[in-house]
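Subject: Handing over the structure, with notes

Dear colleague,

I am passing on to you the structure that I have been reading, and I would be glad if you kept it open beside these notes.

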Amino acid sequence: MAEQKATNVTWQDGQVTREDRFQILRQKGATIWFTGLSGSGKSTIAIALEQALFDVGKLSYRLDGDNVRLGINKNLGFSEQDRKENIRRIGEIAKLFGDAGTIALSSFISPYQEDRDEVRKLHEVANLEFVEVFVDCSLAVAEERDPKGLYKKARAGQIKNFTGIDAPYEAPAKPEIHLRTDEMTLEQEVSIVIDYLVDNGIIRRGYYTRTDDQADGAAATALQGNQA
Ligand SMILES: Nc1ncnc2c1ncn2[C@@H]1O[C@H](COP(=O)(O)OP(=O)(O)OP(=O)(O)O)[C@@H](O)[C@H]1O
Ligand SMILES: [Mg+2]
């Protein structure tokens, strides 16, 4: 991936650890990485999942294609090189969110397996959960949905390097989760992801707040895993 330009740089540790942060948030930080064609449903699922997590008191934060391209990645386009750098930066940002204790929900087409694997590796080295979610539907269905009118423009030659039209999409070889959005409902998709988070110890079921913790005995009970 990107070369390390600066020399003589070392990571500075603080006193509050990742485990401390996870404990006050009562969840583990992680990255849920949605990948799939434009119009496959990445943003729709991330938005619904964010709401579902919020409703049970879990903190997530969406990193979404255009939002990131309007800000930190505004100097990047859609060439293969720029797409790579786009994904690398998002991977690093998601990792920081995860380290902070947040469940980062990344919604980017991220068409290249190699780039996604690099992000996975970043997380492995940092000992953070990385959940690759293949948001899958046929090109025909994605094109029929065309929620932003982008396929129409790409077919008309007004957008170049459009994934599925004149740029490739490499489907994940071994995603943790595979959602067929042309066969499942949004509710099913969200509940599959939530079940995965529970089964892998990233969140626990139920809702409780810091105030609950402060009530007599509640903190001890919560830490024993009997709640939430
Ligand atoms: N089961 C489903 N799951 C998710 N989205 C669905 C489903 N059925 C229909 N849709 C519709 O498909 C469209 C998906 O659009 P969305 O913007 O979420 O795609 P995207 O993958 O984020 O695309 P892009 O890469 O362009 O941002 C929405 O209009 C959504 O309502
Ligand atoms: Mg989107």
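A residue is called buried if 20 or more other C-beta atoms lie within 10 Å of its own, exposed if 12 or fewer do, and partly exposed in between, with the C-beta atoms placed from the backbone. Please keep in mind that this is a predicted model, in which local features need pLDDT of at least 70 and side-chain atom pairs count only at pLDDT 80 or more, while totals for chains, interfaces and linings use all residues. Residues are numbered from 1 along each chain as its sequence is written, and chains are lettered from A and ligands numbered from 1 in the order in which they are written.

The chain as a whole

The protein chain has ten helices and five strands, where helices (H or I, at least four residues) and strands (E, at least two) are DSSP runs numbered from the N terminus. Of the 228 residues in the protein chain, 32% are buried. Two residues are in contact if their C-beta atoms, placed from the backbone, lie within 7 Å; among contacts between residues at least 6 apart in sequence, 75% join residues at least 24 apart.

Helix α2 has 14 residues and reaches 20 Å from its first C-alpha to its last, close to the 20 Å expected at 1.5 Å a residue, the expected span being 1.5 Å times one less than the number of residues. Its buried residues are K42, S43, I45, A46, L49 and L53. They lie on the same side of α2, because they cover an arc of only 155° around the axis, the arc being that of the directions from the helix axis to the C-beta atoms. These buried residues pack against β1, β2, β3, β4 and α8, whereas the face of α2 turned away from them carries the exposed residues Q51, F54 and D55.

Helix α4, with 21 residues, reaches 30 Å between its first and last C-alpha, close to the 30 Å expected. Among its buried residues are R83, I87, I90 and F97, and the buried residues cover an arc of only 165° around the axis, which puts them on the same side of α4. What covers them includes β1, β2, α3, β3 and α5.

In helix α5, D115, R116, V119 and H123 are buried; seen down the axis they fall within an arc of 100°, so they line one face of the helix. The cover over these residues includes β1, α4 and β4, while E114, E124 and V125 are exposed on the other side of α5.

The nonpolar core

A nonpolar core is a set of buried Ala, Val, Leu, Ile, Met, Phe, Trp, Tyr and Cys residues joined through C-beta atoms within 7 Å. The largest one here has 34 residues, and those with the most contacts inside it are I32 and V133. The elements that give two or more residues to this core are β1, α2, α4, β3, β4 and α8. Leaving aside its neighbours within four places in sequence, V133 is in contact with I32, W33, F34, P175, E176, I177, L179 and V193.

Around ligand 1

A residue is near a molecule if its C-beta atom, placed from the backbone, lies within 6 Å of it. In this sense 21 residues surround ligand 1, and the closest are S38, G41, K42, S43 and T44. The elements that give two or more residues to this shell are α2 and α8, and α2 gives the most, with four residues.

Most residues other than glycine have a negative phi. N8, in the segment before α1, has a positive phi near 55°, and N8 is exposed, with 4 other C-beta atoms within 10 Å. S110, in the loop between β3 and α5, also has a positive phi, near 35°, but S110 counts as buried, with 27 C-beta neighbours inside 10 Å.

With best wishes
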